[in-house]
Amino acid sequence: MSESVNSTQPLPHGLIPVMLTPFTETGAVDYAGLHQLTDYYLKAGAAGLFANCLSSEMYELTDAERLATTRQVVRQTDGCIPVVATGTFGGSLDQQADFIKRIYDTGIQAVIVITSQLVSLHDSDQTFLDRMGRLLDLTPGIPLGLYECPAPYKRLITTDILAQLLPTGRLIYHKDTSLSEEEVKNRLAIARGYNFGLYDAYMVNAVSSLRAGAAGLSCIQGNIFPELLVWLCNHVNDSCLQAEVTEIQRFLVDCMDLVHTAYPTIAKYALQQQGLPISLYTRRQVEPLTDALRTGMDQLLAKAGRLTKAVYLNELKQRPLV
């Protein structure tokens, strides 16, 4: 693969939430609800947004809906924060390249490639590299990112793959789902010196990844308590606030099972409880949102609210008087 002569702009440090798609009770995309949801992320301090992703129920959207929702988010953010969005949904490489171009034309900063959409489960890493190289050739000048999405199957990339792709200058985002502190450190070491950001999705390793040099977090929890994650990204290395950092990490570990159950319905319920006028409708078939899950989420939101208030208050106490 040849090296790029053009420089791509890096994405900012911080939280890049994986956006939900609100639907009406009849199953249509709720564009008014999407507007309010986007505003929710902005007010929380998100550094960027990942639209048209798995949390958006991207596989249950039509191409027209994928483009329309992404375009609306880009227009609403109006350049104040970058937006990335998925551009590969199977088919031939020519078809995937065509959609990459179409969604890039909505104004996003980078198009995300789903690693498992380029090759089949039993294909080799060399086949992946060959197809990725061809995709790069078919989409000249378009900044890309990688997402090791669990659907249609989870395909992790190796540090060797990353080492061969980074010199192209085209990769600026990676949503990491390796679930491994060591692998994250290896990937960050390989990526040193490039305009490339690793954003961890696995909140058990949130603090360790950020301390190792990850650009930020890109996780489903950003749909439930984004302010807490924004604070963590901003203060993970603040020596005066390490007790708060440790408490947040413990909280993230403790709530892992709950936030992943009946998702994304449970996240939409959490947003409802915070005042967003969106329905619980999901096109994806997930577990039912039981009364026990609702109660658990109510308790989690109360705890997250108390913790968020406490850490922001303690931060203010640490600031020097002027």
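Modeller: Here we look at two buried residues and then a pair of helices. This is a predicted model, where local features need pLDDT of at least 70 and side-chain atom pairs count only at pLDDT 80 or more, while totals for chains, interfaces and linings use all residues. Residues are numbered from 1 along each chain as its sequence is written, and side-chain values use heavy atoms, leaving out hydrogens and water.

Colleague: Why does His 174 count as buried?

Modeller: Buried means under 20% relative accessible area, exposed over 50%, and partly exposed in between, with a 1.4 Å probe and protein chains only. His 174 has 0% relative accessibility, so it counts as buried. His 174 is found in strand E6 and touches, among others, Leu 146, Phe 196 and Tyr 199 (contact means heavy atoms within 4.5 Å).

Colleague: And what makes Thr 168 buried?

Modeller: Its relative accessibility is 6%, and therefore Thr 168 counts as buried too. Thr 168 lies in the loop between helix H5 and strand E6.

Colleague: Why is H11 called oblique to H12?

Modeller: Their axes, lines fitted to C-alpha atoms over the stretch in contact, with angles from 0 to 180 degrees between N-to-C directions, come within 10 Å and cross at roughly 55°. That makes H11 oblique to H12, because angles under 35 degrees count as roughly parallel, over 145 as roughly antiparallel, 65 to 115 as roughly perpendicular and the rest as oblique.

Conventions:
Helix = DSSP H or I, 4+ residues; strand = E, 2+ residues; numbered from the N terminus. Lists of a residue's contacts leave out its neighbours within four places in sequence.
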